[in-house]
Amino acid sequence: MNRIEQSFKVLKDQERKAFIPYIMGGDGGLNNLTEHLLTLEKFGATLIEVGVPFSDPVADGPTIQQAGIRALQNGTTLRGIIAELTKAREVVSIPIVLMTYLNPIYSYGISAFAQDIANAGVDGCIIPDLPMEEEELLAAELEDRGIELIRLVTLTSPKERIKEISNRGNGFLYTVTVKGITGTRNEFDQEVVGFLKTVKEISPIPVVAGFGISNEKQINDLIPHCDGVIVGSKIVDLFNKNDLDSLESFMSVLKPEKNII
């Protein structure tokens with residue numbers, strides 16, 4: 001059982017839900033990455049998703065695209081992020097999940113990538129442009145090293161596909177709540193609630209909702225129907241503004257006293 005599974009087990013025992021913030025590695029400089037991770041851990045993150053800047057981020061909306069551009073302009077590379085995460089793991093205790101696209105991994109070398117992120121203490125990997133049918137490219141390389149491949153399902157995924165995907169992992173199932181890219185949304189319609197309920201009925205692993213979640217009302221609307229939420233654009237924006245007070249306040253929505261099932 002790796003750190004991701006352990007974290008969700010603790011939450012289940014405590015009748016709580018997960019808050020998973022996303023940050024872009026290298027946004028604000030790689031030298032700030034460890035500090036940002038520690039800040040998020042202090043503010044109550046269950047685990048942290050660290051994005052790798054990429055020139056063609058097909059799943060990312062404007063806020064995260066701009067963060068990626070800033071990171072690339074700072075000279076951020078996948079290799080640099082892994083090196084910084086190696087240092088961060090000495091002081092950060094919660095799980096870290098790396099989010100990247102397939103091309104940087106392929107360019108890095110699949111075996112080398114899997115070994116290096118394992119050495120860095122990374123617990124999971126999200127690859128949005130890797131379909132289930134192509135997983136043999138690297139799934140075994142990751143899982144042999146104790147790294148969870150975090151898989152995604154969407155509003156357009158058929159039930160049989162959701163069943164097959166959710167039966168392949170042991171971490172959590174990334175459940176995409178919009179038909180489109182990341183970014184803040186004003187509200188979610190009832191289709192999303194029904195979708196989460198369906199996925200929860202099917203999936204043997206924790207179901208985490210992500211994409212478009214940016215305020216406390218949305219979290220409160222979705223959280224009864226899943227095991228946690230991922231928040232990206234809102235977190236990236238607050239770090240970019242250096243508004244740590246608002247960040248702490250926002251992340252308090254799932255603190256224990258507010259987070260009983």
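Modeller: Let me start with F19, which is buried at 2% relative accessibility. Keep in mind that this is a predicted model.

Biologist: OK, what does the ring of F19 pair with?
Modeller: With the ring of F250: the centres are 5.9 Å apart and the planes sit at 80°, so this is an edge-to-face pair. F19 is in strand β1 and F250 in helix α12 (residues 244-251), so parts of the chain 231 residues apart in sequence are tied together.

Biologist: And F250, buried or exposed?
Modeller: Buried, with a relative accessibility of 9%.

Biologist: Where else does a charged end sit over a ring?
Modeller: At Y108, where the charged end of R79 is 4.2 Å from the centre of the ring.

Biologist: Back to ring pairs. How many aromatic pairs are there?
Modeller: Five aromatic pairs in the structure. One of them is F8 with F172, with centres 5.8 Å apart and planes at 45°, so that pair counts as tilted.

Biologist: Where do F8 and F172 lie?
Modeller: F8 is in helix α1, and F172 is in the loop between α8 (159-166) and β7 (173-176), so the pair ties together parts 164 residues apart in sequence. F8 and F172 are both buried.

Biologist: Let's switch to charges. How many salt bridges does the structure hold?
Modeller: There are 14 salt bridges. Take K9 and D13, whose side chains meet at 3.2 Å, N to O.

Biologist: How are K9 and D13 placed in helix α1?
Modeller: They are four residues apart in helix α1, so about one helical turn separates them. K9 is partly exposed at 45% relative accessibility, while D13 is exposed at 56%.

Biologist: Which residue forms a salt bridge with D123?
Modeller: R89 does, with the side chains meeting at 3.0 Å, N to O. This one links distant parts of the chain, 34 residues apart: D123 is in the loop between α6 (110-119) and β4 (124-126), and R89 is in the loop between α4 (78-88) and β3 (96-99).

Biologist: D123 and R89, buried or exposed?
Modeller: Both are buried.

Biologist: What about R151 and E135?
Modeller: Their side chains form a salt bridge at 2.8 Å, N to O. R151 is in the loop between β5 (148-150) and β6 (152-153) and E135 in the loop between β4 and α7 (139-143), so the contact ties together parts 16 residues apart in sequence. R151 and E135 are both buried as well.

Biologist: Which residues are linked with R151 and E135 in a network of salt bridges?
Modeller: E143, E164 and R168 are linked with R151 and E135 in that network.

Biologist: Changing topic, what's the strand order in the sheet?
Modeller: It's an open sheet of nine strands, in the order β5-β4-β3-β2-β1-β9-β8-β7-β6, with parallel pairing. β5 and β6 are the edge strands, each pairing on one side only.

Biologist: Zoom in on β3 and β4 for me. How many bridges join them?
Modeller: Three bridges, in the parallel sense. M99 stands opposite I126 in β4.

Biologist: Where do they sit?
Modeller: E15 is in the loop between α1 (3-13) and β1 (18-24), and F211 is in the loop between β8 and α10. E15 is partly exposed, with a relative accessible area of 45%, whereas F211 is buried at 11%.

Biologist: Last one: where does S214 lie?
Modeller: In the loop between β8 (207-210) and α10 (216-222). S214 is buried, with a relative accessible area of 10%. From R168, S214 is 46 residues away in sequence and 29 Å away in space, C-alpha to C-alpha.

Conventions: Residues are numbered from 1 along each chain as its sequence is written. This is a predicted model: local features need pLDDT of at least 70, side-chain atom pairs count only at pLDDT 80 or more; totals for chains, interfaces and linings use all residues. Side-chain values use heavy atoms; hydrogens and water are left out. Helices (H or I, at least four residues) and strands (E, at least two) are DSSP runs, numbered from the N terminus. Buried means under 20% relative accessible area, exposed over 50%, partly exposed in between (1.4 Å probe, protein chains only). A salt bridge is a side-chain nitrogen of Lys or Arg within 4 Å of a carboxyl oxygen of Asp or Glu. Two strands pair if DSSP finds at least two bridges between them. Rings of Phe, Tyr and Trp (its six-membered ring) pair if their centres lie within 6.5 Å; planes under 30 degrees apart count as stacked, over 60 as edge-to-face and the rest as tilted. A charge sits over a ring if NZ of Lys or CZ of Arg is within 6 Å of the ring centre and within 35 degrees of the ring normal.
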